[in-house]
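Q: I would like to learn how to read helix packing and pockets in a model. Could you take me through them in turn?

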Amino acid sequence: MTLKVSVAERRGRLVERQLLGAPAASVGEVTESLVALHATDPVTVYLSAWARSRCAAEQVDAALYAERSVVRMLGMRRTMFVVPAGLAGVVQAACTDDVARRLRRQLEKDLAGGGVGDGDAGGWLRAVEDGVLRALAARGGGASGAELAVGEPRLRTQLIYAPDKSYGGAQYITSRVLTLIAAEGRMIRGHRRGGWSSGQFEWFLPETWRQDGAGPAASPADGADGPPGVPDIGQNAGRGTGLDAGAARAELARRWLTAFGPAPAADLQWWAGWTGTQTKAALAALPVTEVDLDGQAGIALADDLEFPAEAPAVAALLPGLDPTPMGWQSRSWYLGPHTPLLFDRTGNIGPTVWWAGRVVGGWAQRASGEVVGRLLEDIGADGTAAVSAETRKLEAWLGAARITPRFRTPLERELTA
């Protein structure tokens, strides 16, 4: 008989596994529990960690740049994440290697279309990459994109994009080349430049980053050969980590099911950015069982079938692009009817207010520093009081810092108008 899992039980599991009830002990524990923290908007990493551990911004910096227990990398769905150092090799083999191949094909196509490379865009691009790595090695440490372009001037090559559009025009290839090199594991995004909301980072060679690192040992799954604390996420152009991609996808699927299961298999496929064939193969390698999710077919790990009867009455304020609301593609069981106000037009969620395992509103920070929220449904006096208390805690934690989500949503704009 197929096990039936109710919405109340799924919400209870969500609060438990997404660490919305009891604070975690460290930034590393938060990242391990959620598999990865979204990092497209740098602010998300800090606020996601704070919501679950009450850590200071300096503790996030320490995990990233001193302990190096977590690392920033391109991963699932060609999205930027912060992942546990010991999982970076798995993410690389399971997702990023495929992403890198697509990035290379597209960049070579665009270079050829722009007349770059005298008929050999691929060879020209490889020569530029070699020049970038030589320039970075010569510096002996980190470098910005602008600094690398001094050593490899071909990074300032321009391509014309969307010439018939108002937003089109000439752009340097700098960012695309550096992103490609990093996606192949040959560079690492290191120290940030500017405040903790900055999206500017220094680039490091993996061996340089390892030599300066002092973090905990990576897990055996990452295939690391170097010193502890920094994963070996690929040393050879286009050849990734050497990990078996199928085994890596199975491991990533297991971790996702632990954090986000039970759920439809389609949610895993969407989250990971895999094909249907890749998803089926990953699940076939795991001890999974089918479950009934309130009439919808789902999957769960066969040895992980105990659920809370319901979600505890706890409040949380999560940032835009937080990994919890972005963990599933089918969201009605925790999101309700609130999509139009809380998502932008391209599917990015803004800051959300949570109560008892479901989204009940949104929040924003005004220019004055005040954190304001709006409840979109009645959650009773106790729920309202809990949300208000959480709002004041976040406002105090932010202090003089001012944040604006990278992807703005209708409710966030209304609250800050």
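This is a predicted model: local features need pLDDT of at least 70, side-chain atom pairs count only at pLDDT 80 or more; totals for chains, interfaces and linings use all residues.

Q: What describes two packed helices?

A: Two packed helices are described by the angle between their axes together with the distance between those axes. Here, the axes of helix 3 (residues 42-53) and helix 4 (residues 57-66) come within 10 Å and cross at roughly 115°. Helix 3 and helix 4 are therefore roughly perpendicular to each other, and helix 3 passes helix 4 in a right-handed crossing.

Q: Which residues of helix 3 and helix 4 make the contact?

A: From helix 3 come Val 45, Tyr 46 and Ala 49, while helix 4 contributes Ala 57, Val 60 and Asp 61. Sorted by class, this contact has five nonpolar residues, one charged residue and no polar ones.

Q: How much space lies in the largest pocket, and which element supplies the largest share of its lining?

A: The largest pocket holds about 1100 Å³ of space; of its 36 lining residues, Leu 74, Met 80, Ser 175, Thr 179 and Arg 189 are the closest to its centre. Helix 8 gives the largest share of the lining, six residues, and the elements supplying at least two residues each also include strand 3 (70-74) and helix 5 (88-113). By class, the lining has 15 nonpolar, 14 polar and seven charged residues.

Q: What lines the second largest pocket?

A: The second largest pocket, with about 170 Å³ of space, is lined by 15 residues, and Leu 20, Gly 21, Arg 54, Ala 315 and Glu 390 lie nearest its centre. Helix 3, strand 11 (315-318) and helix 15 (380-398) are the elements that give two or more residues to this lining.

Key
Residues are numbered from 1 along each chain as its sequence is written. Side-chain values use heavy atoms; hydrogens and water are left out. Axes are lines fitted to C-alpha atoms, for helices over the stretch in contact, and angles run from 0 to 180 degrees between N-to-C directions. Helices (H or I, at least four residues) and strands (E, at least two) are DSSP runs, numbered from the N terminus. Angles under 35 degrees count as roughly parallel, over 145 as roughly antiparallel, 65 to 115 as roughly perpendicular and the rest as oblique. A crossing is left-handed if the near helix is turned anticlockwise from the far one by less than a right angle, and right-handed if clockwise. Contact means heavy atoms within 4.5 Å. Ala, Val, Leu, Ile, Met, Phe, Trp, Tyr, Cys and Pro count as nonpolar, Asp, Glu, Lys and Arg as charged, and the others, Gly among them, as polar. On a 1 Å grid over the protein atoms alone, a cavity is a set of points where a 1.4 Å probe fits but cannot get out, and a pocket is an open set with protein on both sides within 12 Å along at least five of seven lines; lining residues have an atom within 4 Å of a point. Grid points are joined across faces, edges and corners, and a volume is the space filled by probe spheres set on the points.
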